[in-house]
Amino acid sequence: MFKRFVLPNRNTKNYFMKLSIYFGLIFTLLFTSSQCKQVENDKSGELLKEVFELHDSIMPMSESLAQMSLELKNLDSKNDSLPAGMNAEYILQTKINSDKLYDQMMDWMRDYKDPTNMNATDKINYLTGEKNKLQKMLQETQRAMKESKSILDATK
Amino acid sequence: MACQSGPRVLPILGERDFVNGDTVYHTIPDFEFIDQDSNKVTKADFKGKIYIADFFFTHCPTICPKVTKQMMRLYDKYKSDDRVLLLAHSIDVRNDTVGRLKEYADKLEIKTPKWRLVTGKKEDILGIANQYFSIAKEDSESPGGFDHSGKLILTDKQFRIRAFCDGTDPVSVDNFMKDIDALLLEN
């Protein structure tokens, strides 16, 4: 009788082994899940930072672009000192493009949603989309600024 | 004999001309905008006052909330001082309608005439921004010059610019408050 309680028989050993495996699996799943969540949180935190950095670099450029657009509007397109290729049509298109990019930035800010309450996957997808939008906007804004500046410099 | 220091006098910033022996300083020109209560706002509303101007967008997620927080400090500090006003211009004339400005003002619990949030024609807002920031451009460290995001400008009773600061930086605003106090003493 003593042996029965102290020394587990084969069935008891199997039972405890299975129990250990089940608990091991559960802990592994929980641990992996929390690690994944941590990785997702880190990723979304990083993306949020990138989105805001892009926004902060585009915003002052948008304002510069808007100012240059005003100057382009006031430009005398019959200016004889304009180099070849910078006719009234080109100036007008540059101005329209600048205005469009400025409005795009304003609309982006208006439409931007705070992702705090989104689940991790949605947050990453949303912020990745916004980052891509802003990267494209940054390139286009830089190009428009260069074009506007070249016209304005040519007329000074 | 000991030297006595008088009250601090702020410089008058911006370009200046000399006309018939007199110095003519850069001043803010006439303007006409609409505030959050749908009132027309002109220079007449600031006659005899000093005021702090800034430029913002209600939807800006980063820089503007920081600046608004610092403007709130100024609003709270000078709330009962009739000599000081605040004037915030929205540069997003499409989305920052009078209704949107009203909603924003109500959320901040700010009232006119102390703190006006204004909108108007885009070219008028940008034009006046150029007038305020022409002085900041000269001092700006940013290449290409027009980075005025977050700056606060102090204007005197003659609409001359006397100081500016980085509205996103609480320490810069602490020093700006000393400039405001110095200007109040001067007047």
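## Briefing: a predicted model of chains A and B

Thr119(B) is buried, at 9% relative accessible area (buried is under 20% relative accessible area, exposed over 50%, partly exposed in between, with a 1.4 Å probe and protein chains only). That residue belongs to a predicted model, in which local features need pLDDT of at least 70 and side-chain atom pairs count only at pLDDT 80 or more, while totals for chains, interfaces and linings use all residues. Residues are numbered from 1 along each chain as its sequence is written, chains are lettered from A and ligands numbered from 1 in the order in which they are written, and side-chain values use heavy atoms, with hydrogens and water left out.

- Chain A has 4 helices and 0 strands (helices are DSSP runs of H or I with at least four residues, strands are runs of E with at least two, and both are numbered from the N terminus).
- Along the sequence, the pattern of chain A reads α-α-α-α.
- Of the 156 residues in chain A, 34% are buried.
- In chain A, 84% of the contacts with a separation of 6 or more link residues 24 or more positions apart (a contact means heavy atoms within 4.5 Å).
- The mean pLDDT of chain A is 86, and 88% of the residues score at least 70 (pLDDT is the predictor's confidence in each residue, from 0 to 100).
- Among the elements of chain A, the lowest mean pLDDT, 53, goes to helix H1 (residues 2–6), and the highest, 94, to helix H4 (residues 120–154).

**Chain A: surface**

- A nonpolar surface patch consists of Met17(A), Ile21(A), Tyr22(A) and Leu25(A), which together have about 440 Å² of accessible area; Tyr22(A) sits in helix H2 (residues 10–73) of chain A.
- Patches are made of residues with over 30% relative accessible area and no salt bridge, where like charges are joined within 9 Å and nonpolar side chains (Val, Leu, Ile, Met, Phe, Trp, Tyr) within 5 Å.

**Chain B: build**

- Chain B holds 4 helices and 9 strands, in the order β-β-β-β-β-α-β-α-β-α-β-β-α from the N terminus.
- Of its 187 residues, 49% are buried.
- In chain B, residues 24 or more positions apart provide 72% of the contacts with a separation of 6 or more.
- The accessible surface of chain B is about 9200 Å², and 48% of it belongs to carbon and sulfur atoms.

- Thr119(B) is part of strand S7 (residues 115–119) of chain B.
- Leaving out residues up to four places away in sequence, Thr119(B) touches Phe33(B), Ile34(B), Val93(B), Asp96(B), Val98(B), Leu101(B) and Ile125(B).
- Ala88(B), in strand S6 (residues 84–90) of chain B, counts as buried because its relative accessibility is 3%.
- Beyond its neighbours within four places in sequence, Ala88(B) is in contact with Asp54(B), Phe56(B), Trp115(B), Arg116(B), Leu117(B) and Val118(B).
- Ala88(B) and Asp35(B) are 53 residues apart along the chain, with 9.3 Å between their C-alpha atoms.

**Salt bridges within the chains**

- Over all chains, the whole structure contains 23 salt bridges (a side-chain nitrogen of Lys or Arg within 4 Å of a carboxyl oxygen of Asp or Glu).
- In chain A, Glu140(A) and Lys136(A) pair at 3.8 Å, N to O; they lie about one helical turn apart because 4 residues separate them in helix H4 of chain A.
- Lys136(A) counts as exposed, at 52% relative accessibility.
- In chain B, Asp81(B) and Arg83(B) form a salt bridge at 2.9 Å, N to O; Asp81(B) is buried at 17% relative accessibility, whereas Arg83(B) is partly exposed at 44% relative accessible area.
- Arg100(B) bridges to Glu103(B), with 3.0 Å between the closest N and O atoms; both lie in helix H2 (residues 98–108) of chain B, 3 residues apart, about one turn of the helix.
- Glu103(B) is partly exposed, with 49% relative accessible area.

**Where the chains meet**

- Asp103(A), Asp107(A), Arg110(A), Asp111(A) and Arg94(B) are joined into one network by salt bridges that share partners.
- Contacts link 20 residues of chain A with 21 residues of chain B.
- Chains A and B bury about 1900 Å² between them, 61% of it from carbon and sulfur atoms (buried area is the accessible area, with a 1.4 Å probe, that two parts lose on being put together, summed over both).
- The interface of chain A and chain B has 3 salt bridges.
- Asp99(A) and Lys122(B) are joined by a salt bridge between their side chains, at 3.8 Å from N to O.

Conventions: Accessible areas come from the Shrake-Rupley method with a 1.4 Å probe; for residues, only the protein chains shown count as cover.
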